[in-house]
Amino acid sequence: VRDLATLRRLTAAGARISQIAYAGGDADAAVAAAQTEVGRVADSRVIGSGLALPEVARRALTALADGGTQRAVPTPWPSLTHLVEGARPCTLVVTGARPGIGKTIFAVQWAFAHATAIRATGSQVAYFTLEMSPERLYQRALATASGVDARAIARGVLTEDDEVAVLTADARVQTLPVTIEGASGWTAQQIRARVRQLHRERPVSMVVVDHIGRIDASLGPDH
């Protein structure tokens, strides 16, 4: 709808530019007027969210008065929390490393630790696993929570003690407020729409996309 409205405005601007050209007169003035018409259409595409400095200052001082970083949820690792101040609202964290280094287990540990921390608030974590199945991802979570080797869990080769540890961890992990979306071919727009849907059902405190390289970036009508 927004794109169609822009095209209608562009068509109207083109008609006005044609009238300016047919009217004759100074060419430089006509070009300037045409640029103004096109600029108005371009400006309508920009969703402004800029704030004047006094408003920014007011919000910053209000945050300090409220305790500064109290709204930040610590990560499972104190050293990382010290660097990034934990998980804060409206913050984007991108993790990059070579294949096999442990990006997924890092994301799983952070997501499930975050879910544990925000459980009492009624919020949830939305985890989009675009490469690994939800079942395998849950096995990784069990491995982290139980201390049992993930490969042993995946193969089903567990000692009696391992089974007790995994079952104990399962009873705890499966109650966490985490929604796992497992599918390939998601576009950024689809992920955003799904997060909004989940947020209407229960506030979403953290969104994990594992991983960005699997997002479908092909151009289409909904791009």
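Start by selecting Phe112: setting aside residues up to four places away in sequence, its contacts (heavy atoms within 4.5 Å) include Ala141, Val173, Leu176 and Val178. Before moving on, note that this is a predicted model, in which local features need pLDDT of at least 70 and side-chain atom pairs count only at pLDDT 80 or more, while totals for chains, interfaces and linings use all residues. Residues are numbered from 1 along each chain as its sequence is written, and side-chain values use heavy atoms, with hydrogens and water left out.

**The cores**

Now widen the selection to the largest nonpolar core, which has 26 residues. Such a core is a set of buried Ala, Val, Leu, Ile, Met, Phe, Trp, Tyr and Cys residues joined through side-chain atoms within 4.5 Å; buried means under 20% relative accessible area, exposed over 50%, and partly exposed in between, with a 1.4 Å probe and protein chains only. Ala111, Phe112, Tyr127, Val178 and Met206 have the most contacts inside this core. Colour α5 (103–118), β1 (124–129), α6 (134–146), α8 (160–173) and β3, the elements that each give two or more residues to the core. Helices (H or I, at least four residues) and strands (E, at least two) are DSSP runs, numbered from the N terminus. The biggest share comes from α5, with seven residues. Another core, of eight residues, lies apart from this one; pick out Ala126, Phe128, Leu130 and Leu198 among them.

**The sheet**

Next, show the strands. What is their order in the open sheet? The three strands run β2-β1-β3, with parallel pairing; two strands pair if DSSP finds at least two bridges between them. Because β2 (178–182) and β3 are at the edges with a single partner strand each, one side of each has no neighbour in the sheet. From one strand to the next, the twist averages 15° (axes are lines fitted to C-alpha atoms, for helices over the stretch in contact, and angles run from 0 to 180 degrees between N-to-C directions). Zoom in on β1 and β3, which pair in the parallel sense over six bridges.

**Backbone stops**

A cis peptide bond joins Asp210 to His211, with omega at about 5°.

Finish in the loop between α4 (78–84) and α5, where Glu85 sits. Its phi is near 65°, positive although the residue is not glycine, and Glu85 is partly exposed at 42% relative accessibility. Cys90 lies in the loop between α4 and α5 too. Phi of Cys90 is near 60°, again positive in a residue other than glycine, and at 88% relative accessibility Cys90 is exposed.
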